[in-house]
Amino acid sequence: MCGIFAMTGRMTESLMTEVLNSMRHRGPDEGSDVKLENFHLGHQRLSIIGLEDGIQPIKNENASKWLVCNGEIYNYLQLKEELRENAAFLTESDSEVVLKMYEQEGVRGVEKLDGMFAFFIADEANDTFLAARDTLGIKPLYYGKDDKGQFVFSSELKTLYLVTDEVREFPAGHYYTPETGFVCYRKIAEPKQSEMLSDQSLEVMTNKIQDQLTNAVQKRLLADVEVGVLLSGGLDSSLISAIAAKLHQGEKPVKSFCVGSENSEDLMRAREVAEAIGTEHYEYVYTKEELLEVLPKVIYHLESFEPSLVRSALPNYFVSQLAAEHVKVILSGEGADELFAGYDYLKDFQNDQGLNQEIIRIINSLHNINLQRADRMSMAHSLELRVPFLDLDLIKDALSIPAQSKLHTDEHMEKWILRKSFDGLLPESILWRKKEEFSAGSGALDILEEHANKVISDHEFQALSAEAPIELRSKQECLYFKIYKEIFPEKSALEVMGRWATA
């Protein structure tokens with residue numbers, strides 16, 4: 001996991017130093033840049049795979065092509081085998097396979113990558129470049145042009161604002177070259193009616209889900225460093241943790257992490273799960289004072305004031321801080337509510353087509369909502385976060401499951417088919433426990449509301465509400481907007497910000 005910067009042109013070394021420092025939290029292990037004839041590339045590295053020789057920017061044999069990449073390529077070993085006969089690999093890094101795919105297959109090589117990534121390839125030999133982002137936008141990428149008309153790309157808004165005020169989000173599932181413009185290379189597709197599974201095929205459905213989620217977790221355990229799990233005690237994180245614990249091959253147990261205010265539900269539930277699956281469990285109890293103290297830091301790293309996002313980001317910030325003291329990589333249960341219809345409003349979509357269209361819509365919204373929170377809060381503490389539920393193969397199979405097997409009905413509780421698929425993996429009291437919003441379970445909501453009502457006057461609420469691009473429904477939401485405006489005064493910072501997927 002890393003922070004990347006690239007531009008079509010050059011900047012001063014002092015400005016590049018400032019650029020690299022602005023995203024050092026994304027990769028504190030190494031930081032470096034390279035000036036080419038037509039490009040200037042910068043990179044901050046968090047070493048996960050290829051610890052000794054994976055320093056970026058990475059070049060090819062004759063230094064005619066250079067890469068900066070953020071993320072992980074889960075099928076890199078398979079791709080290396082396919083390419084090895086005609087390609088000379090200079091490192092053990094998974095990122096280098098991106099450069100070799102481009103050398104062998106050009107821009108179409110991105111279609112073979114399975115992972116979470118954002119990258120920039122500087123092709124000096126042909127005076128062109130390729131930028132790309134993974135299908136779901138799990139890893140961030142922004143772009144703009146400076147006052148000389150030169151393209152600039154980076155992992156975070158705050159970095160690009162050192163160079164230009166005009167910033168846009170790079171679209172998920174796209175690549176860009178100067179010759180082609182933006183091209184969508186892959187998107188989540190709605191299954192054909194003939195691909196839908198029958199309601200009668202319960203065993204087929206549960207076997208598919210069990211196999212795919214297990215494979216997705218196995219894939220994301222790939223690392224040259226220790227991998228831990230976030231464990232809030234809810235269904236999604238409990239399943240990921242239980243599967244990871246079962247697959248784990250180390251001498252010591254998998255480490256699990258949870259935070260909350262004193263006596264909060266998350267802490268008690270996570271302890272119960274940790275004991276049941278045998279993880280080495282860590283927890284942190286934050287105080288009201290700590291919660292309020294980190295609020296500006298959370299909004300700075302989150303790069304958003306979207307209310308639901310901020311509320312859930314606060315406990316995410318603390319749990320990432322805790323986990324980073326023990327591991328470099330963490331698995332999260334992000335994405336299960338979207339994929340398996342865990343939101344209550346989805347009951348309004350009663351047929352397969354309608355439900356799948358809405359699920360695809362909210363999955364495609366995650367890149368600047370839930371996934372932005374997950375990336376920014378973990379990377380604020382130099383921690384790589386991976387999301388097994390958002391594996392592309394699992395998404396494809398989950399979309400083929402009929403609506404009535406997913407929806408919360410009189411007969412079924414939310415995410416019924418997911419729970420059914422893992423009967424026996426967890427105690428029934430855990431497996432069939434109703435879900436609770438993370439920020440509510442961790443005890444954050446009441447603290448935030450009380451504080452905002454004290455520090456935001458009625459007059460200030462009215463004034464800021466008139467400026468906000470979204471409706472501010474409370475003084476708590478107004479407080480988030482006020483802090484965001486102070487940190488990111490640029491107009492484009494409001495335009496690029498995402499909206500809550502289910503709003």
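These legends go with a few close-up views of a predicted model.

**View 1. Strand β6 sits among buried residues.** Strand β6 covers residues 115–123. Nine of its nine residues are buried, so the strand is largely enclosed by the rest of the structure. In a regular strand, side chains alternate between the two faces of the sheet. Look along β6 and you'll find Gly115, Phe117, Phe119, Ile121 and Asp123 pointing one way. Met116, Ala118, Phe120 and Ala122 point the other way. Whichever way they point, all of these residues are buried.

**View 2. β5 pairs with β6.** Here's one partner of β6: strand β5, made of residues 65–73. The two run antiparallel, and nine bridges join them. To get your bearings, find Gly71, which stands opposite Phe117 in β6.

**View 3. β6 and β7 form a hairpin.** Strand β7 spans residues 128–133 and runs antiparallel to β6, with six bridges joining the pair. A handy landmark is Phe119, which stands opposite Ala132 in β7. Between the two strands of the hairpin lie four residues. Check out Asp127 in this hairpin: it takes a positive phi near 50°.

**View 4. β14, α7 and β15 make a β-α-β unit.** This time the strands run parallel: β14 (residues 255–260) is joined to β15 (residues 280–285) by six bridges. Cys258 stands opposite Glu283 in β15, so to speak face to face across the pair.

Conventions: Residues are numbered from 1 along each chain as its sequence is written. This is a predicted model: local features need pLDDT of at least 70, side-chain atom pairs count only at pLDDT 80 or more; totals for chains, interfaces and linings use all residues. Side-chain values use heavy atoms; hydrogens and water are left out. A crossover is right-handed if, with the strands pointing away from the viewer, the path from the first strand over the helix to the second runs clockwise. Buried means under 20% relative accessible area, exposed over 50%, partly exposed in between (1.4 Å probe, protein chains only).
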